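Here is a short report on one protein chain.

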Amino acid sequence: MDYFPIFMKLRGEPCLVVGGGEVALRKVRLLRSAGADVTVVAPDLVAELQAMAGAGDVRHVAGRFSGEQLAGMRLVVAATDDRRVNLAVAEAGRVQGIPVNVVDDPDISSYITPAIVDRSPLVIALSTGGGVPVLARLLRARLESLIPAGFGRLAGFAARFRDRVKARFTDVETRRIFWESVLEGPLADAVMQGNDEAACAEMEKRLAAAEDRPTGAVYLVGAGPGNPDLLTFRALRLMQQADVVLYDKLVAPELLELVRRDAERIYVGKARANHALPQEDINQLMVRLAQAGRRVVRLKGGDPFTFGRGGEEIETLAAHGIPFEVVPGITSASGAAAYAGIPLTHRDYAQSVVFVTGHRKDDSIELDWPALTRPEQTVVVYMGVATARELCEAFITHGKPAGTPAAVVEWATTARQRTVTGTLASLPDVIARHGVQSPALIIIGEVVKLAETLSWYRRIESEPVIIEN
């Protein structure tokens with residue numbers, strides 16, 4: 001981060017604004033809304049600032065800026081149209097160790113003022129590091145439309161019960177889970193609708209009936225093919241509530257940034273013949289964590305039930321009586337094909353699509369070859385990069401023409417996506433030459449020919465040329 005986000009308590013604190021124009025007026029309003037004791041230094045004031053000074057809402061020092069005026073100030077804003085004055089204010093603040101914001105000049109500011117969504121006591125601040133304030137304002141406008149005014153009432157309601165909840169639940173994790181149950185659902189709706197009496201009655205009931213130890217559960221969450229924008233709302237919500245997240249190498253790093261900051265993260269990645277944690281150990285780990293009252297998200301690339309071994313995992317959970325939920329995700333085949341511009345079905349090229357895995361539990365690649373080599377069919381191979389040569393040779397041996405178009409899509413839907421096209425005969429050498437590694441999918445069929453004209457996310461060219469963006 002270029003700037004450390006912080007909320008300062010300014011009620012009753014002395015703050016200085018240098019400048020008397022419309023820009024200074026906006027900053028004075030903002031400081032006054034936080035309860036600051038504001039002094040304005042300027043030879044002249046716009047009408048509204050004059051009125052505020054006349055009413056005693058601000059103190060006016062009529063004249064030019066001098067460094068002595070910063071003495072005792074907690075915060076300073078330079079809002080003049082003279083950069084020499086602004087520079088002098090910034091330098092005086094630096095010398096005296098007082099934060100100074102120079103409006104629209106982040107290079108000489110020691111802090112910047114964010115765009116604000118005010119639902120007091122709930123306040124949301126947005127910043128682009130001073131580089132693109134218009135973008136921050138656009139995002140603020142979106143949030144203004146998404147966050148009802150009632151959220152301010154909800155924040156105030158929760159604050160009234162804060163001490164009682166803290167006394168009732170001495171364990172931090174249990175307390176957090178209780179608050180999450182309160183702040184979502186009917187009780188929160190009652191608060192936001194202004195029905196305070198019903199909300200208070202429900203809160204009293206919950207406090208009386210709440211358990212001291214939370215109930216653990218496991219959520220198998222499909223993380224999709226990699227792009228965070230392709231997560232479901234349910235997946236995102238659970239990721240931000242989880243106490244523990246188990247993830248593997250198929251989960252893009254960008255997705256982990258969406259996990260709750262204080263959640264424990266455990267890597268359980270597996271590669272062919274090199275398992276960081278064997279599957280049975282993963283299953284038992286989920287059981288132990290849930291039995292300890294933890295809410296566990298098993299974050300899986302793509303969809304948990306499409307070559308994600310989700311079925312094996314929930315069999316173990318069910319056998320131990322662990323509550324669980326499966327959250328579907330966009331399977332990697334759909335994501336990779338869409339972002340590579342390769343329709344999985346097309347009435348001129350393919351009337352069916354088959355998903356297969358490149359290796360089984362025992363690392364064999366025995367597949368239903370007569371079914372896979374049918375014409376007018378697309379085949380998507382999961383986990384096939386390591387066995388690509390054997391796979392392609394088997395396709396050809398069982399009757400698929402060697403010139404059948406084929407593609408490999410690596411890190412699909414992410415900024416690292418690469419797509420290379422070739423044929424069944426050339427694809428193994430293409431993969432080796434370009435160092436393609438998992439996560440990657442292989443797509444085989446006539447539809448691959450459409451990639452050259454239909455690709456939209458990353459430009460694709462036929463082998464031997466690879467385009468990396």
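## Salt bridges

The structure holds 29 salt bridges. A salt bridge here is a side-chain nitrogen of Lys or Arg within 4 Å of a carboxyl oxygen of Asp or Glu. This is a predicted model: local features need pLDDT of at least 70, side-chain atom pairs count only at pLDDT 80 or more, and totals for chains, interfaces and linings use all residues. Residues are numbered from 1 along each chain as its sequence is written, and side-chain values use heavy atoms, with hydrogens and water left out.

Take Glu-144 and Arg-119. They form a salt bridge, with the closest N and O atoms 2.9 Å apart. The pair links distant parts of the chain: Glu-144 sits in helix H4 (residues 133–146) and Arg-119 in strand S6 (residues 115–119), 25 residues apart. Helices (H or I, at least four residues) and strands (E, at least two) are DSSP runs, numbered from the N terminus. Glu-144 is partly exposed, at 32% relative accessibility. Arg-119 is buried, at 13%. The cut-offs are these: buried is under 20% relative accessible area, exposed is over 50%, and partly exposed lies in between (1.4 Å probe, protein chains only).

Another pair is Arg-162 with Asp-163, where the closest N and O atoms are 3.9 Å apart. Asp-163 is exposed, at 57% relative accessibility.

## A buried pair and a network

Glu-313 and Arg-298 also meet in a salt bridge, at 3.2 Å from N to O. This pair links distant parts of the chain as well: Glu-313 belongs to helix H12 and Arg-298 to strand S13, 15 residues apart. Both residues are buried. Elsewhere, salt bridges that share partners join Arg-176, Glu-180, Asp-243, Arg-260, Asp-262 and Arg-295 into one network.

## Helix H12

Which residues of H12 are buried? They are Gly-310, Glu-313, Ile-314, Thr-316 and Leu-317. Seen down the axis of H12, these buried residues fall within an arc of 150°, so they line one face of the helix. The arc is that of the directions from the helix axis to the C-beta atoms. An α-helix has 3.6 residues a turn, so residues three or four places apart point the same way.

On the other side of H12, Glu-315 and Ala-319 are exposed. The cover over the buried residues includes strand S8 (217–222), helix H11 (279–291), S13 and strand S14 (324–327). Just after H12, Gly-321 takes a positive phi of about 70°.

## Leu-289 in helix H11

Leu-289 is found in helix H11. Its relative accessibility is 10%, so Leu-289 counts as buried. Leaving aside neighbours within four places in sequence, Leu-289 is in contact with Val-244, Leu-246, Ile-266, Arg-294 and Val-296. Contact means heavy atoms within 4.5 Å. Pro-43 lies 246 residues away along the chain, and the C-alpha atoms of Leu-289 and Pro-43 are separated by 66 Å.

Asp-303 is found in the loop between strand S13 (295–300) and helix H12 (310–319). Asp-303 is buried yet has no salt bridge. The nearest side chain of opposite charge, Lys-300, is 9.8 Å away. For charge, Lys and Arg count as positive and Asp and Glu as negative; His and the chain ends are not counted.

What does the side chain of Asp-303 reach? It reaches the backbone nitrogen of Gly-329, at 3.0 Å. Beyond its neighbours within four places in sequence, Asp-303 is in contact with Gly-222, Gly-308, Pro-328, Gly-329, Ile-330 and Thr-331.

## Backbone features

Most residues other than glycine have a negative phi, and most peptide bonds are trans. A cis peptide bond joins Ser-120 and Pro-121, with omega about 5°. Pro-121 lies in the loop between S6 and strand S7 (122–126). Ser-438 and Pro-439 are also joined by a cis peptide bond, with omega about 5°. Pro-439 lies in the loop between helix H16 (427–434) and strand S19 (440–444).

Glu-376 is not a glycine, yet has a positive phi of about 55°. Its place is in the loop between helix H14 (369–372) and strand S16 (377–382). Trp-411, also not a glycine, has a positive phi of about 45°. Trp-411 is found in the loop between strand S17 (405–410) and strand S18 (418–423). Trp-411 is buried, at 17% relative accessibility.

Methods. Polar contact = N/O pair within 3.5 Å; in protein donor to acceptor, adjacent residues only side chain to side chain.
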